[in-house]
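Here is a short briefing on a protein model.

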Amino acid sequence: MTRRRGCGTLAAMPKRPQHATAAAAGLAEVPAVTEIAGFWHAVPVLQVDGLCVALAGDDTDIGHACADVAAAMRSAHAASGTVLIAPGRAHGFTPERRRELADLGIAIVPAAGGDLRAAAQALIDDYWRLRREQREHLLAFAAAARRR
Amino acid sequence: MRNQALTQHRVSARVYELAALRTGSVRDQLLRSTLVVHGLVDEALIDGGSKLLVFGAGAAGVNAAITAAELGVSVDVIERSASAFATFHLASWRRVDPVEYDWPQPHCRAGRFPVAAGTTALLQRAATGAALASAWAAEWQWWLSHRNGVGGCGSVDLIAGTDAAPFAQGVDDTGAGGVDVHGPWTGAGTSKRSYGAVLSCTGFGAECTRDEHVPDRWAGYAGPQFWVDDDGIAAGHPPLGVRHVVISGGGDGAMQDLQRVLAGSFGVELLDRLDAAAASQAATLLGDATLRALLLADDAARRAHAWQRPQQGAAAAHADWQRTFDAQAQAVVTALGAARARAIAAAVFRPELHAGRLAVTWLYRDATPGFAYPLNRWLCALLRALVGAVWPHAAPLSVHARSEVFAIRPPPGHMCGTPQTCRGVPHDVSIRHAGGGTTHLFGADLVVVRHGARPQPLLGGAPVAEQMVPFDIPR
């Protein structure tokens with residue numbers, strides 16, 4: 001097989017996944033969500049494969065929520081964590097502290113509406129959809145690389 | 001033809017730098033890192049026996065690592081943070097959209113890059129940075145557990161929590177078939193590892209949001225960062241809480257923020273709102289003739305700038321680009337008539353603008369706005385034309401070409417610090433015009449500076465000023 005050179009190599013890639021389907025991707029259609037009370041401060045934390053979401057209500061200390069989501073991430077071996085805060089509520093962190101949290105994979109996300117649980121569910125649904133698409137995409141990517 | 005990304009990002013024969021980009025486009029980073037890795041493989045600089053060293057486990061770095069590994073190349077990745085995609089985790093509200101640049105092509109509304117499957121290892125979808133980071137990070141973790149070194153894949157060794165700088169200083173392209181990298185590999189003392197090539201993908205998060213050269217003139221003022229600060233001008237019409245906004249810059253970032261300040265949304269969302277408002281007035285904003293004129297001007301300008309090698313007539317094409325967009329927008333608004341223009345403006349602009357509680361000043365350095373994508377260019381031209389139609393005598397938007405913020409003075413007793421401490425505090429802003437003269441603005445309580453990314457090349461390399469244009473992107 002002749003090796004294609006330069007930019008033209010990408011042209012050989014398929015425009016759509018040829019074989020990878022949602023089933024082949026090995027991820028469930030709907031994520032399994034569990035809820036725990038945070039280890040340090042009992043902040044509610046929703047856990048799904050790869051992501052932990054702490055719900056920081058109006059009365060919750062956001063620093064406490066960060067500690068709880070970090071502990072949950074370690075326990076669940078999750079790559080990312082999110083602290084969901086009520087809309088319009090300032091998180092109050094310095095840029096340096098936010099950077100430290102981001103370095104741990106923790107994002108501070110303002111909820112779109114006042115119902116934090118509904119916002120968390122929407123966030124998890126989006127995460128799972130993107131993750132499933134990324135899985136399918138990686139499988140297609142690997143198959144294309146093999147054909148190269 | 002040699003891979004042009006390889007040429008553009010070359011520091012030496014086996015050392016490549018992506019962080020010299022002056023733009024922050026995620027799509028640009030992913031495409032460039034893919035192209036560089038493919039180029040390295042095609043030129044046989046890396047293969048099953050010659051490893052690749054990648055600095056940085058952000059979007060570009062992880063994308064490069066997976067791409068190389070899937071092509072059978074083993075990779076070491078050095079990352080400062082404990083986790084990948086740290087900068088993306090900061091962007092909890094900033095939406096990334098890989099296809100808005102492609103407007104008016106039909107796939108613009110799909111939120112997905114049309115050749116994404118198999119093109120870049122990381123998925124390109126419209127979502128907030130943090131949402132993408134969570135999905136990417138989970139799948140990167142999955143890839144490391146399931147694909148790493150399996151079935152013809154190269155192996156990836158992630159060295160997290162490690163500063164790349166000491167290793168970057170120890171990069172030595174021997175010119176004899178490899179790169180030696182001296183650094184604290186084992187934690188104690190300096191040792192050497194050899195690679196087929198080295199690629200730096202660090203430092204994309206730094207932006208020019210203040211006067212870097214003469215900070216005293218700006219009194220330490222720091223505008224909100226495009227990527228990380230929720231500056232309160234996000235979509236959804238939240239009250240701005242400020243009365244006078246100054247936006248400095250002529251590129252996509254400034255244009256997006258002009259849209260957000262005037263209308264509370266930007267990009268495709270704003271386009272849809274404008275279309276809906278026009279439809280309610282039995283009008284169309286973008287007829288076939290208008291679209292054809294925009295496409296022709298856009299096409300000419302982008303071809304003239306492909307791969308940042310301006311062709312003959314590039315300056316004229318660039319000027320014609322903006323002139324055409326402005327003229328078409330003006331013609332559309334004129335055709336609407338005053339009553340319908342007012343109705344559309346009422347539906348789209350922020351209420352504060354109509355109530356006379358908001359003034360906006362937009363300035364940029366050159367005679368025309370810079371190298372921005374057609375959607376941003378069209379929306380800004382349209383908004384400007386609408387402002388002109390609705391407020392013919394005392395417009396709440398003033399635009400200054402060939403101008404720059406010269407000085408910012410805080411009120412007595414106020415110390416500029418972070419974007420949060422300065423927001424809502426009336427600063428005096430001096431604007432200097434290239435043709436001579438200065439304009440003083442009093443009481444600007446939000447100054448948004450969008451002067452691009454501040455390149456922080458770890459390994460060297462010439463700055464790369466502009467994003468890849470469609471003609472550079474392989475189909």
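This is a predicted model. In chain B, take the contacts between residues at least 6 apart in sequence: 73% of them join residues at least 24 apart. Chain B has 14 helices and 18 strands.

**Overall build of chain B**
- A compact globule of 475 residues would have a radius of gyration near 23 Å; chain B has 24 Å, which agrees.
- Its C-alpha atoms fill a box of roughly 70 × 55 × 45 Å along the principal axes.
- Of the 475 residues, 58% count as buried.

**Surface and charge of chain B**
- Chain B exposes about 17,000 Å², and carbon and sulfur atoms supply 53% of that area.
- There are 40 positive and 41 negative charges, and their mean positions lie 4 Å apart.

**Salt bridges**
- The whole structure holds 25 salt bridges over all chains.
- Within chain A, Glu35(A) and Arg117(A) pair at 2.8 Å, N to O. Glu35(A) sits in strand S1 and Arg117(A) in helix H4, 82 residues apart.
- Asp103(A) lies in helix H3 of chain A, while Arg80(B) lies in the loop between strand S4 and helix H4 of chain B.
- Asp103(A) counts as buried because its relative accessibility is 14%, under the 20% cut-off. Arg80(B), at 44%, counts as partly exposed.
- Within chain B, Lys192(B) and Asp180(B) pair at 3.8 Å, N to O. Lys192(B) is in strand S10 and Asp180(B) in strand S9, twelve residues apart.
- Salt bridges with shared partners join Asp49(A), Arg131(A), Arg135(A) and Glu139(B) into one network.

Technical notes. Residues are numbered from 1 along each chain as its sequence is written. Chains are lettered from A and ligands numbered from 1 in the order in which they are written. This is a predicted model: local features need pLDDT of at least 70, side-chain atom pairs count only at pLDDT 80 or more; totals for chains, interfaces and linings use all residues. Side-chain values use heavy atoms; hydrogens and water are left out. Helices (H or I, at least four residues) and strands (E, at least two) are DSSP runs, numbered from the N terminus. The radius of gyration is taken over C-alpha atoms; the globule rule is 2.2 Å times the number of residues to the power 0.38. Buried means under 20% relative accessible area, exposed over 50%, partly exposed in between (1.4 Å probe, protein chains only). Contact means heavy atoms within 4.5 Å. Accessible areas come from the Shrake-Rupley method with a 1.4 Å probe; for residues, only the protein chains shown count as cover. Lys and Arg count as positive and Asp and Glu as negative; His and the chain ends are not counted. The place of a charge is taken as NZ of Lys, CZ of Arg, CG of Asp or CD of Glu. A salt bridge is a side-chain nitrogen of Lys or Arg within 4 Å of a carboxyl oxygen of Asp or Glu.
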